[in-house]
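Try each task yourself before you read the solution.

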Amino acid sequence: MSIAVVSVALPLVGSPTRASAATLAFSTVQLPDYGGEPSITSDNNGLLYVSTPSGVPNPKVTNATEPGTYRSFDKGASWGQIESPDPSSGDTCLATDQANALYWCNLAGSQGSLPLQADVWKSNIAANAACTTTAGTPPGTPNSCNWVHGNPAALGTTNPTPTPCTVPGQASYPTSCNFFGVDRQWTAASNIVAPHPIPAGYTGPQVVLMYHDFYGPSQIWVNISNDGGQTFGAPIEVLANSATVTGAVVAEGFTLCNTVPAGVQIVKPNLPHAGRIYVSWISVDVASNANGCNISMDQSFHTAWVAYSDDNGTTWTPQMVYDSGVGHDMSTPFASFTLDDRGNPYMAFNTPSPAENPAVCGAESNLGTVQSDASCMFNTYVVWCQCGGNTVSFDDGAGLIGGAAATAYQVNATPASCPTDNTRPVECGTNIYATVAAGDPGQVDVSYLHTDEIVPTGALGVGKFDPLGCDKNDEPAPPPTYPARCHWNLYGAKSLTLTSPPATASWTNVQITSAPMHYGDICNLGIACAQAVGPIPRDPRHLLDFNQETIDPTTGCAHISYADDNAGSPYGDPTNPSPHGGHLVVANEIPDPTTGICMTLTTDVTGIPEAPWAALFVPAAVVGALSWVRGRRRRTAALALN
């Protein structure tokens, strides 16, 4: 049963600007299971989907688990589980196209025998109420959601030795087929219509799989589908195919060694630059590489980037988005990336203020005096590009590298001081897990996790959170200068005025959760995080690494997916458990009672008919006992009418 808790939205005292941006309120609804890193998306009709890579119970198969995939027909008020196309997963992500087909991407699934490859699956009947988890073996068979797997076109299904994909004799092939391995994949899909030039051979929506390599130098890659996700081309290394040598050299200097992919988006049809592909990531610098590459994340990720392609992925133009400054880490541990309804790109991230001195904050962390230094807070920021012309220039464009923002929009307040007694302002502390979703240009919803403790930094790479820096109580005992176990709450924020300069844009912030949704440390070192601490079975990476947010295009309302593990035991606070503890949760923005909307969206969301490949799909009114292998239908039983 779904449970809803409504938070009354009042602007927090001391907002970054004097005027409040808008009214803001949320209801929170728990999903049936728990899972970290929940992705969320909406189709054009406002039908919502959530996925998590965490193994959740299959309701049709005893003692069987699968990645969790859920769906809401009623604006997030209630949720039902639908089948996931693969019974195993490392990471998942979601996207929809203009025809409302659902795309589900996966890491380390069952399609290839080599580890760390990525897959894209597609269903164009996911909106059908009969698309539910089935009782087959493995879970998800027979295929009631009509999931179709995107295969590598260059290798096909008859190549006897597709080395990057699988061992000889294996019948399945992962979509990515990248010899250097894959980590943190994202996907996007968009129908290709005029005025975007339609390349020869494109027969369906364009689908892009984006990721960075795991075994190599952490470069950004894409695989692109020309036929709606049925087949994908070979891996394309973005910076190796830069349109300018100078741009590639500059971007490579910051990107070589370590990146964190933030997302991929495609500009929708009938907009300026329709079909433009954006990929985004955060990265480090050459000096940080001495701390080690890729796996440890023990660097200060202080630069944010995009690269865009206007020729269907053949060439790319890299552009720095923002440089928060050496030692100002943005990897908490992910940044968030989106486009508004006019195709303008936005990034949201957490990092200290430009005035912060990371060496001073590190020394204060070691001395135990950092809690009173407001400059050491990790704040939430947004930068965006009003990309009306042929250039991509974020905010003022006057940053370190031309076109980068020199000043970001600060979402939350920074108090003048942070006394450690009962006069401490609510804004003091640390923000992480930034998300962003956008409507019309300059109108954004943002969320972040907040604790009123300033997490210590400096024990590892300059600017990084100290491991267990927010969990003094656990064993083995961290330094006594660390704060006691932290309480984290989810906050929402909204601005309708980002067309104004950062100093004058207005924001409304509200605490969404009625009780903390996490208790203890949150690690930002990726897979280098400790999995358990002494005899206490707490895991500082139990939430995994991010939350996500989407906008319902029919209402302009935000929906935020997050994991709540404050169930009292073993992860939570037994004195103050959350009503949603031990569950996935979606926070649904409450529309204005007089207008029924939250913000304006002017994109035409009329569904675009699917490409000819859709003829392979079963109509929504029919539920077929079908199995799909590499995009080809194999009849296994008679069809039955719904």
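Let's begin with one pair in this predicted model: cysteine 523 and cysteine 529 are both buried.

**Exercise 1.** Find out whether the link of cysteine 523 and cysteine 529 is left-handed or right-handed.

*Solution.* Start with the sulfur atoms: those of cysteine 523 and cysteine 529 sit 2.1 Å apart. The cut-off for a disulfide is within 2.5 Å, and this pair does form one. Next, look at the torsion about the S-S bond, which is -90°. That link is left-handed.

**Exercise 2.** Work out the handedness of the disulfide between cysteine 385 and cysteine 387.

*Solution.* First check the bond: the two sulfur atoms are 1.9 Å apart, and cysteine 385 and cysteine 387 form a disulfide. Now take the torsion about their S-S bond: it is about 135°, so this disulfide is right-handed.

**Exercise 3.** Say which parts the pair of cysteine 418 and cysteine 428 ties together.

*Solution.* Step one: a disulfide joins cysteine 418 to cysteine 428, with 2.1 Å from S to S. Step two: cysteine 418 and cysteine 428 both lie in the loop between strand S24 (409-410) and strand S25 (430-438), so the pair ties together parts that are 10 residues apart in sequence. Step three: the torsion about the S-S bond of cysteine 418 and cysteine 428 is about -100°, so you have a left-handed disulfide. Cysteine 418 and cysteine 428 are buried too.

**Exercise 4.** How many disulfides does the structure hold?

*Solution.* Count them up and you get eight.

Note on methods: Residues numbered from 1 in each chain as written. Predicted model: local features only at pLDDT ≥ 70, side-chain atom pairs only at ≥ 80, totals over all residues. Heavy atoms only, no water. Helix = DSSP H or I, 4+ residues; strand = E, 2+ residues; numbered from the N terminus. Buried < 20%, exposed > 50% of the residue type's maximum accessible area, 1.4 Å probe, protein only.
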